[in-house]
Amino acid sequence: MTRRPWLYAATAATCLAGWSAVATAATLPASNPFAAESTLPYHAPRFDLIKDTDYQPALEQGMAEQAEEIDRIANNSEPATFENTIAAMERSGRLLDRTLETFSGVYSANTNPVLDKVQEVVGPKLSAHQDSIFLNPKLFARVQYLHARKATLGLNAEQKQALDVYYQNFVQAGAQLSDGDKAKLRDLNTRLSKLETVFQQKLLAGTKASALIVSDKAKLAGLDDAAITAALTAAKERKLDGKWLLPLQNTTQQPALESLTDRETRQALFEQSWTRVEKGGDGDTRDTIATIAQLRAQKAALFGYKNYAAYVLADQMAKTPEAVHSFIAQIVPALAAEQKREAADIQATITKSGASFQLKPWDWSYYAGQVRKARLNFDENQVKPYFELNTVLQDGVFFAANRLYGITFKRRTDIPTYNPDVMVFEVFDKDGSELGLIYFDYFQRDNKNGGAWMSNFVGQSALLGTKPVVYNVGNFTKPAQGEPALISFDDVTTMFHEFGHALHGLFAKQTYPIISGTSVARDFVEFPSQFNEHWALNATVLAHYARHYKTGAPMPASLVALLKKAATFNQGYRLGEVVSAAELDMDWHSLGADAPKQDVDVFEKSALAKMGLKTDLVPPRYRSSYFLHIWSNGYSAGYYAYLWTEMLDDDTFAWFEKNGGLTRKNGERFRDMILSRGHTQDYGPMFRAFYGKDPDIGPMLTFRGLNGSKN
Ligand SMILES: [Zn+2]
C-alpha cells in the first residue's frame, strides 16, 4: 500500500498508488505497449516496443482509470462485501500498476532526461492521489464496516489478513480523524513534504560544496595513483585547475581516511564531512530538521501517539519504541567492550609508530588498517581472481538455492531487456513447473542510482493470475570488453543479499497483492536477504564457486580462513556507527508534541553522550544534520531495522547450523514458513512458528565477533 523505497515498486506498493477523479484522460492508443497486458511469458515488459514517450500517457490514463474504479467501489449502492470492496480494490488499477512497475525499474536503473521529467511531473500527482483515496470517507466506511464484522463474514485466513492490513493502512493514513484533524493532517503533510525536499536539496548542495580541496599533492600521500588522478580530474571539472578535490560520500567516515598518511589532511577531510551542512547561512540544515522533528511529533499526537516513533512502529515487527530500545541495549555492553579493545590496539599502534598524539575519529580507519595488516596480512585484491561474476552467480548463488530449495535456472535470451547488460533467467520449481523470471542488471552506469536493490516488474497474485517477474540491480565495475568481471567479496555478498529478496518474491504464493511476497514491514524485509548472505561463506557453496578464473583452482584454505577472519575485523567501529545512528534516529522521534523546538547541537551531544559507547571516537554513521534516511527517505524511526533483521537472520542461520546446515529439508522448512508467506501472518508469530521461540541476539553478536572469544 505504501511505497517501500528500499524495494521500489513491489506490486502491493503500487496497487493503490493513488489517482484522483480527474477523469479527463483520453483513451490510450492501442499502439502504446502498456494499453494491453503484455503477451510475453509471465507478462514480462515489452522492452522491445516501449519508447520513453509511452510512460507518461499510460501513467496518466492509468490514474484516471483507477480513479473511476475506486469511485465505483466507494459509491456502490450494494452493502460492502469483501469481494465488492477489498478484492475490488485489489483488482483495480491494472494499467497503472504495470506501467508504474516498469517505469520505476527503468527510472532507477537506466534513466535519461525524458524519464526524469516524467518522474517530476507524475510523482506529486501519485502522492496527492494516494491521499485522496485514504482520506475518502465513503471508501473507509466500507472498509470499517467489514473490519467490524471480520469474524462473521466467512473469510479465510488470508482474506482476514488482507482486510486487517487495508484497515490499518487507512487508519495510519488518517481515515479515522475528524474533519478538523484531517485538515490539520493535510496541512502538516504538505509542510513536512516541503521541508523534506528543502532538507534534501540543502544536503545535496552542502555535500558537494564541502568537498576537500587540496593545493599541495604531497598532502595526498597514501592515496594510489588512480585516486590522485581522479582527484585532479574532479578539481578540473570544477574549474580548479592544478588542485585536487576529494568529494564527500554520504557517510561520516570517508574511504580516503583509510589511506591518507598526512594527519592534517585526514582531520581536514573528516571535519568537512562532519560539518558539511552546519556552516551557517542558507545551506545549514539544522533549523529545517528541528522543525521536521517538531511537526512529526504534532502529527503523531493527532493520531493519539505519545511520539512519532510510536506512530511509525505500530505496524512494524518491533511494534514499540521500548522494544527497539531494549533490543539495542542488548548490543551495547559487548559493543562497548569491543570498541575499548579496538581503541587500545589502535592507540598502541600509534605509539609504536613513534607518534605521541591521542587517537581521534579521523585516525581510526587509517590505524585500524595498520592493525589489520599486522594481524592478518590480508588484502581484498588477493581474493578477486576467485570471484568471477558469472561463476559466482551460477555456481554460487544459484547452486545454494538449488541445494536448499531444489529450484533450477535457464537463461532466456529471447526476453527483451532495457539494456544489453541485463541478463534474464527463467526459474523452475523443484517439480519442474514454472516459478517466474529474474533479471540481473549488475554493472555500474552513469544513469543508474547508487547501491543495489531488488523489486518486481510483475508481482505474484493468484487473484490477478500473475507469477513473479523480479529483478536484481547492482553497481559493480564493468570490465573492459572481453575481460572477465572479477568482483570483491563485498560484491559477492551483495549478489547473495539481493537474491535473498528475489527468493522472497519468487516463492510468494498469495492471493492478494497487498500481502504478497516482499510487501512486508521495513524491519522484516531485510531478513530473507541478509539470511541469504550467509551462504556465501558456507564451505560447500564457497568451494563450488570460488575458483580461480584462469586455472579453475579452488581458493586455498589459508585464504578462505583470512577472508572469514577479515569479516569480523573492526566491528567495534562498523557496528558502533550503525548503532549510534539508530539511537540518534530513535531519540529525535521520541520527542513529544509539547517539546520545544530543539537546539540540534545540544540535542545531539546529549543523545550521543548517554549511549554508553565511545561516540567521541566512533561517531554515528550519519550525523543528525545529514541523516538523509530519517529526514526524507522513509526510514524515520526505522534505521534500527538493519540491526533488527540482522538478529533474525543470524539467529535463523544458527538454527540451520544446528540442524544440518545446507539441506533440502531445512530449505523447504524455511521456504514454507517464511519465504512463501508474504505478510499473511504477523511477523512475531511467523518467526516463532519457524524456530519455536522468539529471536535471540546471541548469534548476531557471535557473527559480529563480539562474543569476546577472538583476539
Ligand atoms: Zn536488502
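The structure holds 37 salt bridges, a salt bridge being a side-chain nitrogen of Lys or Arg within 4 Å of a carboxyl oxygen of Asp or Glu. The model is predicted: local features need pLDDT of at least 70, side-chain atom pairs count only at pLDDT 80 or more, and totals for chains, interfaces and linings use all residues. Residues are numbered from 1 along each chain as its sequence is written, and side-chain values use heavy atoms, with hydrogens and water left out.

E646 and R704 meet through their side chains in a salt bridge (2.7 Å, N to O). E646 lies in helix α23 (residues 641-658) and R704 in the segment after α26 (698-703), so the pair ties together parts 58 residues apart in sequence. Helices (H or I, at least four residues) are DSSP runs, numbered from the N terminus. E646 is buried, at 11% relative accessible area. R704 is also buried, at 16%. Buried means under 20% relative accessible area, exposed over 50%, and partly exposed in between (1.4 Å probe, protein chains only).

Another salt bridge joins D181 and K184, with the closest N and O atoms 3.6 Å apart. Both residues belong to helix α8 (residues 179-209); they are 3 residues apart and so separated by about one helical turn.

A zinc ion has the protein donors H497 (NE2), H501 (NE2) and E526 (OE), lying 2.1 Å from it. Donors are N, O and S atoms within 2.8 Å of the metal (3.2 Å for Na, K and Ca); water is not among the atoms, so sites may look incomplete. The sequence spacing of the donor residues is H-x3-H-x24-E. H501 sits in helix α16 (residues 489-506) and E526 in helix α17 (residues 522-533), 25 residues apart. Both H501 and E526 are buried.

How values were computed. Helix = DSSP H or I, 4+ residues; strand = E, 2+ residues; numbered from the N terminus.
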